[in-house]
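Dear colleague,

Please find the sequence and structure below. My notes on them follow.

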Amino acid sequence: MAAVVPAPPLSWRIHHSRTTVFCRTTHKSKSKYSTHSIFTPRASLSISAQTRQTKSLTFADSSKNRQSSALQEIKKLCESGNLEEALGFLQRESDDVVLDPAQRSEAMGVLLQACGQRKHIEVGRRVHEMVSASTQFCNDFVLNTRIITMYSMCGSPSDSRLVFDQLQRKNLFQWNAIVSAYTRNELFEDAISMFYKLISETEHKPDNFTLPCVIKASAGLLDLGLGQIIHGIAMKMGLVSDVFVGNALIAMYGKCGLVEEAVKVFEDMPERNLVSWNSIIFGFSDNGFSQESFHAFREMLVGKESFVPDVATLVTVLPVCAGEEDIEKGMAVHGLAVKLGLSEELMVNNSLADMYSKCGFLSEAQLLFNRNDKKNIVSWNSMIGGYSRGEDVNRTFNLVQKMQTEDSKMKADDFTILNVLPVCLEKSELRCLKELHGYSLRHGFQYNELVANAFIAAYARCGALCSSERVFDLMDTKTVSSWNALLCGYAQNSDPRKALDLFLQMTDSGLGPDWFTIGSLLLACSRMKSLHYGEEIHGFAVRNGLEVDPFIGVSLLSLYICCGKPFAAQVLFDGMEHRSLVSWNAMIAGYSQNGLPDEAINIFRQMLLNGIQPYEIAIMSVCGACSQLSALRLGKELHCFSLKARLIEDIFVSSSIIDMYAKGGCIEHSQRVFDRLREKDVAAWNVIIAGYGIHGRGKEAIELFENMQRLGLKPDDFTFIGILMACSHAGLVEDGLEYFNQMLNLHNIEPKLEHYTCVVDMLGRAGRIDDALRLVEELPGDPDARIWSSLLSSCRIHGNLDLGKKVANKLLELEPEKPENYVLVSNLFAGSGKWDDVRMVRGRMKDIGLQKDAGCSWIEVGGKVYDFLIGDEMLPELKEVRETWRSLEVKISSIGYTPDTSSVLHDLEEEDKIGILRGHSEKLAISFGLLKTAKGSPVRVYKNLRICGDCHNAAKFISKVVDRDIVVRDNKRFHHFRDGACSCGDYW
């Protein structure tokens, strides 16, 4: 009887291309069965044969069931990740479980797939050894293809190549597997090389699996030309209509920046799947077309094809929401993820947390993070990055520490380091920065160029430029980005000239600058106020077509503004094709910083007329301009605008408004705005303390200073400038000296020249000139012109001519080009009646072409600012103003006013001096204010120079006879005149 041979399973036939012949065999040899049949009756023989056949079939069925059960058991073990157990099961020899060749091949194929998916290369190697040792399977096409793929999935393409090279025969599947192996592991050049061998050395033709791999390799190399060649091959072979080829082309064109080509491929596709939509959405978002990305996403959802988003879709759209800081769209995508049951997916959860953190909703991001039970390193990095961007140093470092203590297997990677480094902004973070650096060195992250560059920048921000240089010097390969990191560090910090030297070194090394290099160089020139070098760099930018870059354009504006050339910046600004919000802000701030508040306000008005919505920076700059002009009405309008636009919640805007009211003479308004702040940081306290200081209300400033410390806030450099200035204006010398001593002893703040200037001024005003001089001599560094100017002013007030002459020489040595210094020296001599010396100083001014700033006062009436210059015959309504003053002069003379001719520092007759006093700008401005403002309302006048003694005395009398408050702000402080007295107590 012929033996029964069970047929192999269908799956084996599908996976194996070779033909297997199954033969029936006839037993001719003498066997116990054939011998036994001779002695057995025919009928009995018939029954016996049927029985044996039935038993044989039953045994075969039972064997098949056991084999099938064993195969299923291996599959289950693979699915659950128990690969070692699955391998052991496969290796065991058992009488009960014996897999036939087809099932054994299938089991090894399943195990190889699982090893690749779970990146378990050790088990994969042992399966490879089993296949290689088997004469039956060593040349199996399917298994060898899976071995190549397994090694590539485990990140070992070199093993894939070894297997491929050892194959005696190779079909297209093995070629596809090795091309895919290189592409998967981002060895794109090797992938292209293998593709060339495939088409040039074999008869195989690439198919719809080959081309997507090669297209992806072209995209990885950003080799657009190669990608277009492969596109052409696909068209010739009729594969361009294949959905996988089309998807790869969309991704390639998107990555290479040809979005229009990507759209064309997408629209020409006869069939699109979800991957097609995901690819085009990503192509839009990756190239900055956020709105188009959202539009494609919406079309995918509600269009004719109406696909349901998957994880890949959501993790593509959510970063777009994060990049645009569009929290509404982000929340809508979050809602969709919840409805689709995808919100708990790890990648989606990570993207949602990242989106919320980048939109500034850190509490929502933290909530998602806390609910995530499957956190991976990406989850931690997203949250760490969120706190780092928010400059929350403590939470950033605490989270890094928590990550490594909660899960011993979770270790910070190079992305963690890159997320943490931006929060290192101050010297206080230098220790933590060094710890991060040590960790990076121990784990080999320093070989990552991005990490090395980030450390260079971080050390520079923390003031450790020597460490920045050491990191830079240890880099094997220095790219333009590496040079930029160091160059920018010097440009932004202590040594902008060094930035220029580094630029020359970089070009000598053969590297050319990019837009970031040029921006950093312009920043260096701005800080050095080096117009010459800046203009050279401007010329380089023009010659190389970089001037049109928005970043370079704004950097050029900043250069000319910082070098005191705002009108040159205006020419550049007018020539800009596209004016960004940043460029408008730069011009407004530039004019304000250069003492041109009118121009700053005009630019702001143009900005509004152009339909551009101002934000925090513009409001702050215009508030600064209003402070300079003391344009209170416009300042109030800005305050209202900030309230409506909800910008008042920004601490910098609110601080600017507090400062604007203080410098506009309304310290009570400043206090009200300050009191309404939800959160008061050190900057807000500094502004209000300084505000009370310039109003001469030293005791209130001291009270605020003490309250600030009781609330746990630590004063900084600027706090002490404010409190020392307040003590100086109020004559609180002992309090001021106490606070000055506290700086270093209690708060560990090294006094700077600005603080010494305040103390010198405070001592000098109080007549303690010797103490002031002693302090100057004990300075740790050389005194600057501000200190000598303050000391010279004190010598003039207190008539110390001898010391004044010495100080004058020091001042003119330091700043021989400033006219105000000569005026101070001239006034010193005039106060002592040294008219020959006065004429000598004025003659010297004339010889070098300097001119004294004319005394100017201004007043805001009805939203318009009116200027008054001494000796100006073109004053508005001059006749009425002079008549008003004459009337006032009669009234105040009747109650004790006498002109103080010592305030006229000219060698003239008394009558002439009185005539000059009558024409002083502050008297004319006060008269105009009384003439044009409602009875009972305060009169606010502002002056560019120090108010003279005669005008100060006259204002006190005027406030009494007209029963009105008069507020005068000179270049030092405010004077509030009421009922015949001044808030300064005649101490100024």
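**Aromatic pairs and a helix contact**

At 1% relative accessibility, Phe928 counts as buried (buried means under 20% relative accessible area, exposed over 50%, partly exposed in between, with a 1.4 Å probe and protein chains only). The model is predicted: local features need pLDDT of at least 70 and side-chain atom pairs pLDDT 80 or more, while totals for chains, interfaces and linings use all residues. Residues are numbered from 1 along each chain as its sequence is written, and side-chain values use heavy atoms, leaving out hydrogens and water.

Phe928 forms a tilted aromatic pair with Tyr866, at 4.9 Å centre to centre and 50° between the planes. Rings of Phe, Tyr and Trp (its six-membered ring) pair if their centres lie within 6.5 Å; planes under 30 degrees apart count as stacked, over 60 as edge-to-face and the rest as tilted. Tyr866 lies in strand β2 (residues 864–869) and Phe928 in helix α51 (residues 921–932), so the pair ties together parts 62 residues apart in sequence. Helices (H or I, at least four residues) and strands (E, at least two) are DSSP runs, numbered from the N terminus. Tyr866 is partly exposed, with a relative accessible area of 21%.

The structure holds 20 aromatic pairs. Among them, Phe740 and Tyr756 are edge-to-face, because their ring centres are 5.3 Å apart and their planes stand at 75°. Phe740 is buried at 12% relative accessibility, and Tyr756 is buried at 10%.

Tyr756 also belongs to the contact (heavy atoms within 4.5 Å) of α43 with α44, where Val759 and Leu763 are among the other α43 residues.

Kind regards
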